[in-house]
Every structure is written in C-alpha cells, then in structure tokens.
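Open the model in your viewer and keep the selection panel at hand. The stops below tell you what to select and what is there.

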Protein chains: 2
Amino acid sequence: MVAKSPEVAAASEVAPVPFVVFQPLGRRVPVSAAGGSLLDLARAAGVDMQGTCGGKGLCGKCRVRLDGPSPAPPTETERKILGAAVAEGYRLACQTSLPQGGSVWVPPQSRPGGQVILTAGTDAGLGFDPAVEAIDLTVPPPSLEDVIADGQRLVGELGQGRQLAEVELPLGVLRQMPTALKAQAGRATAVLWQGRRVLDVAAGHGQPCLGLAVDLGTTTVVAYLVDLATGRHLAVASAVNPQIAHGEDVISRIAHAGLGAAQLEALRARACQCVNQLARAACRQAGASPGRIMECTLVGNTAMHHIFLGLDPAGLATAPYAPAVSSCLDLPAREAGLELALAANLHVLPVKAGFVGADTVAVALAVQAGSLDEPTLILDLGTNGEMILAAAGVMLCCSTAAGPAFEGGHITWGMRGAPGAVEGVRIGPDLEPVLKVIGGGPPLGLCGSGIISAVAGLVQAGALESNGSFAPSLASSRLRPGPRGVEFVLAWAPETGTGQDLVISAQDVSEVQLAKAAVHAGLRIMLDRLNLTRVSRVLLAGAFGNYLEPLDACAIGLLPGVRADMVEGVGNAAGAGAVAALLNRLRRIQAQELASRLRYLELAACPEFPDRFVEGMSFPAPSHSAPEPARDISGS
Amino acid sequence: MVAKSPEVAAASEVAPVPFVVFQPLGRRVPVSAAGGSLLDLARAAGVDMQGTCGGKGLCGKCRVRLDGPSPAPPTETERKILGAAVAEGYRLACQTSLPQGGSVWVPPQSRPGGQVILTAGTDAGLGFDPAVEAIDLTVPPPSLEDVIADGQRLVGELGQGRQLAEVELPLGVLRQMPTALKAQAGRATAVLWQGRRVLDVAAGHGQPCLGLAVDLGTTTVVAYLVDLATGRHLAVASAVNPQIAHGEDVISRIAHAGLGAAQLEALRARACQCVNQLARAACRQAGASPGRIMECTLVGNTAMHHIFLGLDPAGLATAPYAPAVSSCLDLPAREAGLELALAANLHVLPVKAGFVGADTVAVALAVQAGSLDEPTLILDLGTNGEMILAAAGVMLCCSTAAGPAFEGGHITWGMRGAPGAVEGVRIGPDLEPVLKVIGGGPPLGLCGSGIISAVAGLVQAGALESNGSFAPSLASSRLRPGPRGVEFVLAWAPETGTGQDLVISAQDVSEVQLAKAAVHAGLRIMLDRLNLTRVSRVLLAGAFGNYLEPLDACAIGLLPGVRADMVEGVGNAAGAGAVAALLNRLRRIQAQELASRLRYLELAACPEFPDRFVEGMSFPAPSHSAPEPARDISGS
C-alpha cells in the first residue's frame with residue numbers, strides 16, 4: 001500500500017496541496033501531513049530539530065527563519081524569547097504554522113549537535129571557517145616623506161597581527177585598488193583568500209562577502225548563496241541544465257563533446273552561462289550583487305566536471321575511463337567563465353573516477369560517510385546511480401548505468417518531475433489506480449518516482465509476475481495489448497491532460513527492471529566484497545531520493561535486504577557537501593581524504609556482474625503487510 | 001675636440017659607414033675604428049674579451065658567434081680549436097673580420113670572469129638557474145586496474161626525485177594535457193615553474209623552452225629571446241613604442257591615460273601588442289614559436305609599468321607620486337594580454353618610486369650597484385634621467401625631469417636617432433662644422449647626442465659663453481638672428497636632406513642647459529647627501545648612453561667633476577637586467593633587495609634644488625687639451 005495516502009487520495013482533485021519546504025535539507029512535506037505547527041511538520045518530514053519543552057514555547061530551541069511573509073504576527077512568547085531576531089523573520093517552530101505552505105530555514109543552532117548528516121549551513125562538527133575573510137582596513141595615505149606603494153600599504157595593514165610574508169595581489173585587484181583606497185580616505189574592505197591572496201578591495205567598511213555553492217547535475221543545476229561573513233544562508237536558485245538540448249544523459253553529452261572542440265566549448269559555455277544566471281537570480285533574491293561573490297564551490301559528476309572546465313571528456317567514455325584530473329582544484333573563477341568578483345576563487349571538489357564524480361564525493365562529505373559504523377548504503381539515484389557502501393570506516397563505491405528510467409526517460413509516457421507528472425500511484429485490489437500529480441492538475445505523464453510507484457503498485461496488486469510479465473489470468477479492462485507489449489491504462493483519455501490514455505507498457509516495466517537490476521547488482525557485489533550480507537541503513541540522496549517512496553522501492557526489490565523503515569532521504573546531499581566545503585575549508589581537506597579513501601569498484605570488470613544483474617531483474621512477491629518484513633538477501 | 005675623428009670626418013660623404021655590433025652589450029663600433037680583426041674592434045668598442053695569446057689564434061678564448069653569414073670560411077686554426085662549434089657559427093674573434101659590418105654574440109666564456117657588469121647571457125656570478133625547467137617524462141597510460149587521472153600520473157612522474165607535495169595545474173594546461181599525453185604514448189615535455197606549477201605539457205621529448213626579456217621604454221621597446229634550457233641568446237627585436245602617438249614623454253602618456261578608462265586601455269593594448277609583435281619577430285629570427293615562450297621578464301619606468309599592467313598611473317603625476325604597487329609581480333602572462341605559452345608566467349621587476357622604475361632597478365641589477373665600492377654614478381639618460389649614486393654599498397637614487405632635449409625633443413631640428421640624424425658634430429676654430437650622420441646620407445635633423453655634440457662643439461670653439469649666449473664678438477656667416485633667438489647654421493640648405501638650413505638656436509641651447517642643469521643638480525645633491533665631493537666613475541646606460549660621446553658630455557659640464565676617461569657606456573643595462581632576472585631566479589631576489597636598499601631622493605622636496613639647478617645652467621670654459629683635466633666639483 002502507498003503510504004502518502006492523504007495527498008495521494010486528493011491527487012485527482014484540482015486544488016494543489018500546499019507544502020512546507022525545510023531548508024537547507026530541501027525536505028518538503030504537505031501541510032496536511034501532521035498537526036498544525038512547523039515543529040510537527042518538521043518531525044513528520046524527518047527533519048531533526050532541537051526542542052526540550054515539548055512544544056510549549058519555553059525552551060526557545062526550535063527557532064526557524066521564515067523565507068517568506070508570515071501569515072500571523074509573532075506571539076508574545078516568541079517576542080520575549082527571540083527578541084530582535086523576530087525582525088529578521090525568526091519564529092519558534094512550535095508556535096508557528098504555515099497553512100498556505102512556504103519555505104522555512106532551519107538554522108544550525110536549531111539542529112541536534114550529534115547529527116551525522118551535514119547539510120547546507122549546518123556544520124556542527126567543524127563550525128564556520130571559510131577560506132575567505134573580509135577585513136575592514138583603514139590604509140593611511142602616502143606622503144612625500146613616506147612614499148609607499150598602495151599595494152604595500154594595504155598589505156602592511158593586513159599584516160597587523162598575522163603572518164603575511166607573501167601576499168598575492170592579482171592584477172584585477174591591483175587595478176581596482178587605488179580607486180577603492182582613494183574613495184573613502186583609505187577606509188576599505190579587503191577580502192583575503194586562505195590568508196595569502198587578496199581577492200578584492202572595495203571602498204568603505206563592511207562590504208558584503210558572499211559565497212556560492214553549485215551542484216551541477218546532468219539534469220538540474222542548483223546554486224546556494226551564502227554570506228561568508230556570517231555563514232548565513234541567503235538564497236537558493238535552480239534551473240534545468242541547458243546542455244540538455246545536446247543529450248539527456250552523460251554518455252550523449254560526452255558523445256556530443258567528442259564531435260569537436262567547438263561542440264565541447266558550446267556545452268561548456270551553456271553550463272557556465274547557467275551558473276552565471278543562477279548566481280544573478282540568487283543575488284536578486286538576496287538583494288546582493290554577484291560581484292561580491294568571492295568564492296564558488298562546485299560539484300558535479302565527472303562528465304559535468306570535465307565539460308564545465310573545458311576538459312575533453314572523451315577519456316571518460318572508453319576504458320579505462322580515466323579522468324583528466326581527479327584532485328580538487330582552485331582556480332580563478334573568471335578562467336572558468338564565471339562572472340563573480342573579478343578575482344573570485346573557484347574550488348572544484350575532487351572526483352574519484354570516470355563515473356564517480358565530485359557530486360558523489362560531496363554526498364560522502366555531507367553524510368560523513370567515513371564515520372559511519374553500521375553498514376550503510378548511500379545511494380544517489382539518477383540517470384547514473386552512484387552508490388557508496390560504508391561500514392566501519394571502509395567505503396566502497398561504484399556507479400551503475402541505471403539508465404534513464406529513474407528520471408522518466410525511455411518510458412512511453414515518461415517525463416521529468418514537472419507539474420502534470422504523476423509522482424505516486426496507488427493500485428487497489430480491483431486494479432483501479434489513484435494518481436498523485438505534481439501541481440494537482442490532470443496527469444500528463446510519469447516522472448521517475450511515478451514509474452516506480454506504478455510498477456510497485458502493479459507488483460503489490462499481483463498484476464505483475466516476478467519475471468515482469470503481466471499476469472495472464474487477470475481480467476481488467478485496463479489491461480490490453482499495445483504497441484510496446486501488453487499495457488496497463490493508468491488514466492483514460494478524458495481524465496488526462498493530453499487527451500490520450502496514460503499507460504504503462506510491458507516495455508516500460510522492462511526498463512524499470514533493467515534499471516533496478518543494475519542497482520541491485522551493484523549493492524550485492526559491494527556487500528560481497530565487504531563480506532556483508534545486508535545493510536542496516538540506506539541514505540537516499542538527490543532530488544529523486546526526496547520523492548521516491550521507500551515502500552515503492554522495496555516493493556520492486558530495488559535494494560536487496562532493505563526494509564522501508566531503513567531508508568532515509570537526505571535531500572540534495574551533493575549540494576549540501578558543496579555548501580559545507582564553502583563554509584569550512586577543513587571540509588575540503590576532508591573531501592580530498594574521502595576521495596582517496598573511497599575504494600572504487602568497476603562493476604564492468606567484476607566477473608559476477610552478469611549473474612547478479614539477472615538475479616536483480618525479478619520482482620519480489622507482493623507483501624500485504626506494512627512495513628514489509630525483513631528478508632535475507634539470499635532470498636531476494 | 002671631437003674624438004671619433006675617422007668617421008666624423010667621413011660623415012658628409014654618401015657611403016654609409018659599416019658597423020659591428022657586439023651583443024649582448026649592444027655596443028656598436030665602426031669597422032674602420034681599429035685594426036681588422038673582431039678582437040681589435042671589440043677592444044676599440046670597450047668590450048672586454050678573454051685572450052691570452054695576443055691574437056695569435058692559439059688560446060681559443062676569444063670565441064664569438066656571428067649572428068649573420070660569414071664573409072670568409074673559417075681558417076684551419078679556427079676549425080682545429082673550435083671543432084663542431086664552427087657549424088654553429090662560432091669563430092675566433094682574433095682570426096675573423098667583418099668588413100661589411102654585422103652582429104656578433106660574445107658568449108659568457110669569452111668574457112672576463114671578474115667583470116662587474118652583467119649583461120644578457122653573461123652571469124658569471126650566479127650562473128644559469130632559470131625559474132622554469134623543461135622535463136622529459138614518460139607517463140604510463142592508465143589501466144582498468146590502475147585508473148589514475150592524467151593529472152595525477154603526470155605529477156607522479158614529475159615527483160620522482162623531488163619534493164612535489166603540491167603542484168599547481170592551471171586550467172589551460174589541464175585542457176591540453178590529455179591530448180599531449182596521448183599523442184606519443186605518454187612521452188611528453190613538461191615545463192615546471194619554480195618547481196610548483198606546470199606551465200606546459202607538450203607531446204614528445206625535448207620540446208623547446210624559451211624565455212623573453214622585455215625592456216619597455218617610453219620610446220623604444222626591446223625584446224630578447226633566450227633558450228631557457230641552455231641559457232643561449234637566440235634573438236633580439238626592437239620597435240618604437242606605439243604609445244608614442246599619445247605623447248612623447250611619460251607625463252603626456254599619464255595625462256592621456258587620465259582621460260578615461262578607454263584611453264588607459266588603448267595605451268595598454270598598444271604596448272601589449274608591441275611586445276607580442278616583438279615576441280613573434282624574435283621567434284621568427286630564431287625559427288621558434290611564441291607558444292614555447294614559458295616566461296617573460298619585464299622592466300620599464302613606473303609609468304610604462306603601470307600602463308602595461310592596466311594600472312591607473314594618475315597617482316604618479318601628482319604628489320606624493322606613489323605607485324599602485326612596487327614589489328615584483330608574478331602573474332599569468334595571458335592576464336596581461338601576452339600571447340605566449342598559454343600558462344606562461346610574467347615576472348615584472350620591482351619599481352622603487354613614481355619616477356624610479358623597474359628599468360632603474362634592472363640597471364642597478366645589471367651593474368651590480370650594491371657591490372660598487374668607489375663612488376660611482378649610474379646614469380640612465382632619456383626623457384627622464386634616472387640616476388643612482390653608489391658608494392660602499394650605499395645607493396641613493398633620484399629622477400631628474402631632464403626633459404626631452406636629450407632625445408631630440410623641443411629642439412628646432414630635433415629628431416630621434418634614425419637614419420639622417422646628426423649624431424656627432426665637430427666645430428673647428430674657424431667655426432666650420434663637420435657632421436656625422438646616421439646612415440651617412442645628408443642630414444635631416446639632430447638626435448640627442450648630436451645636439452649635445454653641437455653645443456659641446458660651440459662651447460669648445462668659444463662660440464657660446466658660460467651663460468649660454470652666443471658670444472657677441474664672433475663674426476661668422478653661420479651666426480644670424482632667427483625666430484628662436486640667435487641661431488648657428490650647422491649645414492646649408494643644399495647640403496641637407498630637407499632643402500632647408502639646419503640650425504641650432506639660442507632656444508635649443510637653452511633647452512640643453514635646462515636638461516643638463518637638472519642632471520647636474522641631481523648629482524650634486526646626491527653627492528652632498530653622501531658627504532662626497534666627486535665620483536670616481538660614471539656608468540652611462542641606455543641607448544643614448546651608447547651614442548653620447550663622453551668628451552661632449554664633459555664639454556657642456558653635464559656631470560660636475562667628471563673627466564671623459566671616467567665615463568663608461570654599459571649599453572642597454574635595463575635590458576641586461578631583465579635578461580639576468582630571466583636566466584637566474586636569484587637575480588629576482590637581488591632585484592627586490594636592490595629596490596629595498598635604493599634610497600630614493602625626491603629632488604622636488606630638496607630645499608637646495610633651485611640653487612643647484614641654477615648653478616648647473618652654466619657651461620664650463622673651453623678646454624683645449626684632451627682628456628679634459630680633472631676639476632674639483634666646487635669649481636664646476
């Protein structure tokens with residue numbers, strides 16, 4: 001049975017269900033999912049929050065910041081406890097509700113200290129220690145008796161109280177410096193990178209010092225804007241990767257880049273322009289200027305990483321799939337085409353292998369994979385499924401060519417997770433489906449979670465046999481022959497937004513089988529290599545991870561030996577890793593260490609892969625109790 | 001009397017006098033100045049050369065390389081002593097002559113070891129230790145069992161036998177690396193800068209590794225191309241600074257740059273394009289590619305330095321004349337617009353003050369000013385006269401706004417030192433002049449040395465009184481009233497290339513007086529500050545220094561207390577300093593130390609300046625013996 005019953009039941013109605021999104025984790029939860037307060041909702045969404053008074057507004061530990069206007073004024077209790085912070089939009093989660101939905105920022109101090117998962121802005125382990133520092137200076141003017149160059153006078157002021165034997169002044173900074181120093185009689189804000197390079201000199205004290213963390217996905221690009229003076233989250237912006245015009249998956253992008261230098265450059269420029277647009281959009285939200293962004297951290301899979309940097313990705317597509325460079329990189333952001341502060345630094349997180357990129361390293365960083373003791377699978381599902389199996393400090397990783405089915409590709413009615421996409425399906429014993437549609441309107445197609453949910457529903461209803469064929473004995477007007485084999489009608493033409501029947505075909509089921517078999521095989525092989533029989537916990541990363549229903553994943557047998565209650569969504573962990581590296585430079589060292597410690601397993605070179613893959617094709621028998629009972633992987 | 005009698009006497013004849021130029025000192029000497037061999041000519045030109053056999057071709061120490069074709073085949077003696085070097089153009093200076101003139105390279109081993117003056121390619125003190133190193137590598141290909149990124153494999157190979165904890169791989173190098181490694185199965189030449197940054201990776205072993213040293217003068221830009229694998233001089237190219245369209249002197253350039261950012265950028269681009277053209281021209285001469293130039297060192301006065309870097313020079317024109325930056329700079333050459341190797345480094349030597357630039361620091365480096373014991377004046381005469389007074393390790397420096405007279409500016413018939421310019425004048429007791437013209441044709445005007453020579457001739461002939469007026473008692477048809485005061489006809493219209501009388505006017509004499517007074521005052525004040533009464537030696541740097549006749553300089557009283565035999569031309573010492581910094585990175589540290597140790601004297605702030613200036617206006621009494629007798633400065 002499908003768990004999200006309240007909203008799934010309401011799915012075919014017209015009114016959209018309001019959601020509350022908890023940042024920085026990116027978890028969204030329907031307003032109707034739990035009791036009225038934001039604290040209740042946060043707990044329903046699995047967002048851990050401080051709080052010791054039982055929601056009475058006494059301890060003040062559940063403070064959150066509303067990202068939009070408040071529907072009601074703060075209570076007397078909130079004013080008393082929060083003081084001036086109320087003016088900045090802070091409220092107590094236990095005292096506030098958002099009946100119309102909205103976005104809520106959970107600050108670091110409201111999150112439990114012992115939490116393992118790092119997320120944007122939350123770095124309880126290491127605190128706030130960015131690579132850049134803004135310093136207010138007053139540089140005395142030169143005189144005929146003391147004719148010292150502007151640059152030397154500036155460095156002299158920076159040097160007070162610190163060891164600055166050698167400070168680098170990039171040409172762009174040198175060019176702006178004399179004017180900046182003159183404008184306010186030497187009062188200026190200098191931005192220093194790693195204590196050794198001046199990134200900016202601006203007239204006046206207290207000039208903003210911002211940072212951008214970018215998760216460059218094959219499909220989606222997300223940029224997080226933070227204040228590097230305070231660590232405060234300012235804005236987030238996302239867009240579809242415009243490279244998508246040249247192929248939906250990394251292999252087709254690599255193939256396109258391989259057509260010639262002009263094609264590689266065009267792909268690079270598209271990604272770069274997209275990041276620049278997101279930087280501008282995030283700055284608009286925050287009332288800031290991209291020219292004040294002093295550092296950018298960037299993660300992405302190895303193909304996106306290479307193309308963004310203008311590195312020929314051809315080597316990634318042919319054995320031995322070696323990247324051009326794997327270590328982290330610091331380079332002038334301008335060299336990569338980014339339009340930030342003139343001398344801004346770009347920190348690119350390390351990649352592990354051709355198909356285990358900086359995004360996976362960032363996920364490992366965000367969930368602190370190196371410190372996980374009990375056997376844990378970290379799964380970043382998308383066109384490629386990157387998997388890390390961590391246990392007692394050992395980390396094995398692999399990439400499965402899961403194929404595009406998980407993102408709606410190669411599916412008769414597949415589409416991306418946009419309004420009109422079916423994202424959840426419940427199929428009753430009478431084979432009548434109930435659909436949950438993004439945005440609440442009539443369905444247009446199926447996104448990744450919708451396809452899995454549909455297949456899970458058919459398996460649970462007994463309509464699909466373990467080999468993936470539709471059960472021949474079933475009699476239902478919804479089952480019929482079609483151009484792609486037998487098909488099941490999820491919605492009749494009058495109910496859809498396309499005017500045609502929305503179906504899932506035997507071929508679609510087969511695509512799901514291939515995708516799940518790859519993931520299944522990857523996990524089985526990694527477990528074998530670590531002499532483990534099962535995992536205790538699954539962390540599901542990525543946007544898809546947020547929407548995939550654990551019960552559905554278990555119903556199709558995606559992960560051998562895993563029960564739904566072991567599965568935890570961790571939001572856009574790659575983005576959270578990028579933010580963590582932005583907020584604390586020690587996280588960069590940690591990322592480099594993680595990239596070294598990750599042991600890469602090339603599944604294509606594993607002799608047992610074909611057997612494990614075939615084994616993973618079959619669906620489990622329907623389970624009629626929830627949660628699904630524990631099964632040994634040997635029986636999967 | 002004018003000393004260069006042989007060629008001055010021949011000056012009004014039509015046939016051009018052939019010259020031999022000795023590189024890297026840049027000294028030129030007419031073929032007819034001495035006996036026939038290059039060794040004789042070198043000695044006549046003051047070029048010190050090894051040689052212990054008295055020119056008999058026995059010791060083999062006077063080897064030189066001809067930069068052009070040889071007029072006669074090498075002798076049997078030369079073949080025996082030089083062996084294979086003959087094929088590279090090496091000859092023994094004592095056995096070879098160049099009756100048609102030409103250019104000769106004097107290699108380090110042919111120059112006396114104890115010589116103080118560094119010149120291009122000659123660095124007996126510190127030897128050859130450039131900042132870049134070309135390394136032949138064979139990088140093993142990756143395999144499925146050993147999937148290491150190209151960058152890591154490269155650094156791994158570089159790391160053999162050296163400490164390479166952190167090696168920087170600029171984006172441009174990363175982009176070219178995979179292709180370069182693939183082309184010859186991993187055989188490649190990597191270029192490493194300061195042991196910590198990879199500047200280039202090219203397919204194949206033994207790829208060239210070149211360096212460029214640039215002297216960016218207000219009027220002339222010179223570029224020296226050297227082989228950074230061997231230290232060998234390859235080519236030299238020079239051009240008029242194309243910024244000259246926007247003003248002849250630094251003040252007018254600064255004023256033009258001050259009109260707006262577009263004007264500054266236009267000036268910057270012109271200088272940059274000029275250096276790019278010279279790099280291409282020098283490479284053409286050497287059969288090399290500018291893309292193999294891995295490092296460029298650059299010197300220039302502070303205004304040229306600022307404009308080349310795109311730094312607003314406005315501060316240089318107003319008190320306290322503070323530069324934007326004074327320390328040496330290392331930056332990507334591409335950032336400054338140079339079209340060399342993609343990741344080539346640009347090393348800009350330090351400046352001292354607004355009017356004591358990197359060129360002066362380079363001169364101090366080339367003559368090793370910090371090690372001079374006896375009081376020595378180092379004079380780089382041009383539009384500005386930069387002066388260093390060095391004595392027992394103390395170095396005082398100043399800049400005199402000598403004005404353009406020394407470069408032919410503000411003079412009725414002034415012109416630059418090009419063919420047709422009068423560069424030497426001898427005036428007999430009958431007031432009849434003999435002119436020496438560059439190129440030997442009819443005279444078109446007067447260049448700097450010609451003006452000084454003409455004034456010196458008039459002083460020596462008693463035609464000019466000590467206050468600069470033409471002697472009223474003289475009766476000569478060559479003296480007549482003119483639009484700029486009394487004028488003296490150096491050549492009648494039928495003898496000139498312009499069809500007009502070539503004259504020197506009272507106003508021209510006055511310009512020379514102003515220029516010499518500034519230099520005179522600067523030297524006097526510096527001597528006073530160091531409690532000295534006179535210098536023992538004068539080193540005359542710059543192209544002008546090469547052509548200025550010491551006797552003429554003394555005849556006009558340019559340098560108080562200086563006899564002609566104390567004066568030594570040191571060629572383009574600024575260029576030699578730039579080359580020294582290119583060939584040995586310790587020279588860069590030395591340059592930085594010199595810039596710190598130089599004590600800058602702002603003449604405008606010296607209360608005694610006006611008195612010393614007026615004192616310097618007067619001409620000394622004519623001397624009728626050569627060399628001129630020593631005089632105490634108190635009597636000057």
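The tour goes from the whole chain to the pair of chains, then to single elements and residues.

**Before you start**

This is a predicted model, in which local features need pLDDT of at least 70, side-chain atom pairs count only at pLDDT 80 or more, and totals for chains, interfaces and linings use all residues. Residues are numbered from 1 along each chain as its sequence is written, while chains are lettered from A and ligands numbered from 1 in the order in which they are written.

**Stop 1: the domains of chain A**

Colour chain A by domain, with bounds from an automatic or database domain assignment. Domain 1 covers 18-110, domain 2 covers 132-203 and domain 3 covers 210-348. Domain 4 comes in two pieces, 372-402 and 518-619. Domain 5 is 405-512. Now pick domain 2 and domain 5 of chain A: their centres, taken over C-alpha atoms, are 63 Å apart.

**Stop 2: the two chains**

Next, select the contact between the chains. Two residues are in contact if their C-beta atoms, placed from the backbone, lie within 7 Å. Chain B gives 37 residues and chain A gives 37 residues. On the side of chain B that touches chain A, helix 4 (150-158) and helix 5 (171-183) of chain B are the elements that give two or more residues. Helices (H or I, at least four residues) and strands (E, at least two) are DSSP runs, numbered from the N terminus. Helix 5 of chain B gives the most, with six residues.

**Stop 3: two crossing helices**

Go to helix 10 (residues 358-366) and helix 15 (residues 573-583) of chain A. They pack at an angle of about 75°, with their axes 7 Å apart. Axes are lines fitted to C-alpha atoms, for helices over the stretch in contact, and angles run from 0 to 180 degrees between N-to-C directions. These two helices of chain A are therefore roughly perpendicular to each other (the term covers 65 to 115 degrees; under 35 is roughly parallel, over 145 roughly antiparallel, and the rest oblique). Among the contact residues are Val363(A) and Leu365(A) of helix 10 and Gly577(A) and Ala580(A) of helix 15.

**Stop 4: a three-stranded sheet**

Which strand order does the open sheet of chain A have? The order is 19-18-20, with mixed pairing. Strands pair if DSSP finds at least two bridges between them. Strand 19 (433-437) and strand 20 (445-446) of chain A are at the edges, each with a single partner strand, so one side of each has no neighbour in the sheet. Strand 18 (residues 421-427) pairs with strand 20 of chain A in the parallel sense, over two bridges. Select Val422(A): its bridge partner in strand 20 is Leu446(A).

**Stop 5: backbone details**

Zoom in on Pro320(A), in the loop between helix 9 (314-317) and strand 13 (329-332) of chain A. The peptide bond from Ala319(A) to Pro320(A) is cis, with omega near 5°. In chain B, the bond from Ala319(B) to Pro320(B) is also cis, with omega near 5°. Finish at Ala185(A), which has a positive phi of about 55° although it is not a glycine.
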